[in-house]
Amino acid sequence: MRERRRRVRVGRGLSTRRGEEARRRRGPLIQERKYTNGQLIGRMLKLAWRYRAGAIKSLVLQVLLLVLMLSGLSLAGLGIDVIRVGFDAGAEAPRWPFGLEPPAGWSGMALTGLVAGLILVIAGLRFVLDAVGQMQVGRLVQDIVVGLRAEVYHKLERLSFRFFDEHEQGTIINRVTGDVQSVRAFIDQVLIQVLMMALSLTFFTAYMLSIHPWLTLWCLLTTPVMVGLTVAFSRIVRPAYVENRRLYDGAVRVLAENAQGVHVVKGFSLQDAEEAKFAAANQRVKDQQQWIFWRVSTFSPLIGLMPQINLVVLMLVGGAYYMRGEIGFGTGLVVFAGLLQQFSAQVGSIAQIANTMQRSLTGAQRVFEVMDAEVGIESKPDAVRLEAGGRGTRGRVVFEGVGFAYELRGGEGDAAVRPTVGNRGLPGARGPVVLEDVSFAAEPGQTIAVVGATGAGKSTLLSLIPRFYDPTAGRVTLDGTDVKDLDLDDLRRSIGIVFQESFLFSHTVAENIAFGYPEASREQIERAAAVAQADGFIRELSEGYDTVLAEAGGNLSGGQRQRLAIARAVLLEPAVLLLDDPTAAIDPDTEHEILSAMDRAMAGRTTFVVAHRLSTLRRADLVLVLEKGKIVERGTHAELMQRADGHYRRAAELQSADEESRRLLGMPVGAGAGVGSEGGAG
């Protein structure tokens with residue numbers, strides 16, 4: 001649980017920025033893992049076996065309903081024969097089931113009433129069993145959906161950020177929701193229905209054979225044709241279902257992006273354009289579904305035509321047998337007609353089962369891709385545990401010849417690019433280099449500032465410390481031990497992270513601060529808030545620390561959200577603190593509050609800070625200037641400012657922004673920018 005929460009806490013910012021960068025570099029999504037139909041069916045059967053108790057109960061209830069249906073049909077035929085004898089004393093005597101005979105003195109009305117009463121009792125039993133059966137199926141469905149969604153979510157929480165870089169948000173959501181429902185449908189709408197159909201057809205065929213073997217063979221001649229049509233239909237529509245899920249992912253992506261970027265859309269008055277974009281995505285889904293619907297609409301009536309042909313055969317051939325006296329009327333011809341109708345209905349359901357089967361195979365493909373995805377970043381079996389779960393760490397971080405690159409992966413169409421994992425990498429050619437031969441040491445308690453242009457590798461450098469990714473060359477050590485040899489949970493508990501825009505949850509203020517350490521006492525929470533200079537404004541909220549925040553902390557200012565994020569990071573008392581440009585989106589007045597909170601949070605901790613404002617950089621013991629993944633300059637702020645032609649000095653002079661920065665440079669006070677935007681060093 002703690003590891004899951006930590007991953008959510010530390011992953012929101014860096015993962016989003018790294019994911020956007022990865023998607024820009026790699027182009028299309030990675031090629032999907034391919035499974036054969038046999039493999040998918042085998043996996044779904046194993047899943048069904050886990051829910052065998054509920055499935056067997058549902059199947060038993062269906063069998064009982066089948067027996068009652070056959071009993072009711074048999075009694076209906078018997079009732080017809082009883083009535084015929086009442087009108088025609090010379091008619092053949094009715095054949096009572098199991099050799100039972102009513103009392104000799106009973107009148108025709110009494111016998112008819114007996115049969116009608118039995119039919120009514122069977123109808124009542126069917127009603128009860130049908131209701132119980134539907135409730136049982138409902139429980140089974142919910143058990144499967146809840147269990148499978150939890151299992152997929154569990155796996156998602158343990159996958160490395162590489163997976164989230166390569167898959168869009170809409171695709172991931174659909175795999176946990178719609179695709180899980182499709183896999184569930186295999187159990188209750190395919191597997192149970194196929195077993196039920198097999199049992200039903202066996203019962204119906206045996207009953208019809210007992211009435212008249214040759215008539216049975218004549219009436220079932222169309223069955224092989226129906227099976228052949230079903231196989232052909234399945235092969236035609238399977239690719240269409242795969243494409244439909246892809247298009248649906250696209251529509252969900254447009255919706256999710258608009259929900260997240262509603263302020264941008266409204267700010268540029270692009271509601272109509274975005275509405276048109278969603279309408280186009282929605283229309284593509286509709287057109288694809290129409291293509292599938294057209295084929296299903298053609299296939300279903302074609303299958304439905306077969307039972308009508310069977311009835312024609314029954315009328316011609318069965319009528320001839322009846323006239324020759326080879327078959328009775330009520331318990332013979334009428335019951336046979338009812339059995340044939342039920343038989344045809346069961347075979348006709350092949351169309352619906354085949355349609356559901358294709359949806360299930362498509363959903364299973366996407367669900368099992370998640371289940372089989374490589375975790376990528378995880379603890380070794382013999383991982384080194386840190387003292388006190390990471391709190392006893394000194395905080396000495398060393399980069400030794402570290403490199404990080406993406407891996408080109410061939411797929412259908414254009415090549416894709418994805419991050420490598422560890423030194424072993426992934427199959428394919430080496431892609432764009434993000435970091436190259438990065439070496440430096442951060443001593444305990446030091447502050448290391450990282451500056452560079454967009455895409456220089458700043459966030460990548462920070463992400464290697466808590467092992468969001470592993471380097472492709474060299475190594476990163478914490479207190480002399482390679483971070484890949486450390487227990488992952490302990491490692492991340494020794495590191496606190498604050499992002500540009502830290503994510504807050506719709507919980508209370510106290511729960512947000514204690515998100516990574518839920519067992520923290522109120523005293524510890526308040527102490528962390530005080531360090532982050534958040535205690536004052538928290539107590540002014542309507543319910544203080546028990547105030548429930550709006551979605552993403554929408555009822556707080558940017559500076560307040562950042563101070564809560566700092567409190568959340570320092571609550572664990574981490575030895576290492578990562579600050580990913582936390583003042584970038586803050587106004588100068590609020591920046592002063594954040595810087596003050598940062599100063600208190602950084603005290604006694606090894607701190608890495610991505611920054612572009614000199615007011616932040618001047619606090620650093622060491623400034624690293626990155627350019628295209630390489631360290632091109634290093635030193636303190638004062639040392640770097642002495643280099644007249646250096647990257648840092650040039651960027652500072654060109655892009656100094658706030659009044660404090662200009663004063664530090666000895667320049668006239670006025671408007672400007674900080675170190676490092678698009679053309680600078682940060």
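How many of the six residues of strand S10 (residues 622-627) are buried? Select S10 and take a look: five of them are, so the strand is largely enclosed by the rest of the structure. Buried here means under 20% relative accessible area, with exposed over 50% and partly exposed in between (1.4 Å probe, protein chains only). Strands (E, at least two residues) and helices (H or I, at least four) are DSSP runs, numbered from the N terminus.

Before moving on, keep in mind that this is a predicted model, where local features need pLDDT of at least 70, side-chain atom pairs count only at pLDDT 80 or more, and totals for chains, interfaces and linings use all residues. Residues are numbered from 1 along each chain as its sequence is written, and side-chain values use heavy atoms, with hydrogens and water left out.

Two strands count as paired if DSSP finds at least two bridges between them. Leu-626 has Ile-631 of S11 as its bridge partner. The two strands make a hairpin with two residues between them, and Lys-628 in the turn has a positive phi of about 50°.

Now show strand S4 (residues 447-452), which runs parallel to S10 and pairs with it over five bridges. Zoom in on Ile-448, which stands opposite Leu-622 in S10. Ile-448 also has a bridge partner in S9, namely Phe-608; S4 and S9 pair in the parallel sense over four bridges.

That brings us to S9 (residues 606-610), where five of the five residues are buried, so this strand too is largely enclosed by the rest of the structure. Thr-606, Phe-608 and Val-610 point one way, Thr-607 and Val-609 the other. Bring in strand S8 (residues 576-580) as well: S8 and S9 are parallel partners over five bridges, with Leu-577 bridged to Thr-607.

Stay on Thr-607, which counts as buried because its relative accessibility is 0%. Leaving aside residues up to four places away in sequence, Thr-607 touches Gln-446, Thr-447, Ile-448, Leu-577, Leu-579 and Met-602 (contact means heavy atoms within 4.5 Å).

Val-132 counts as partly exposed because its relative accessibility is 34%.
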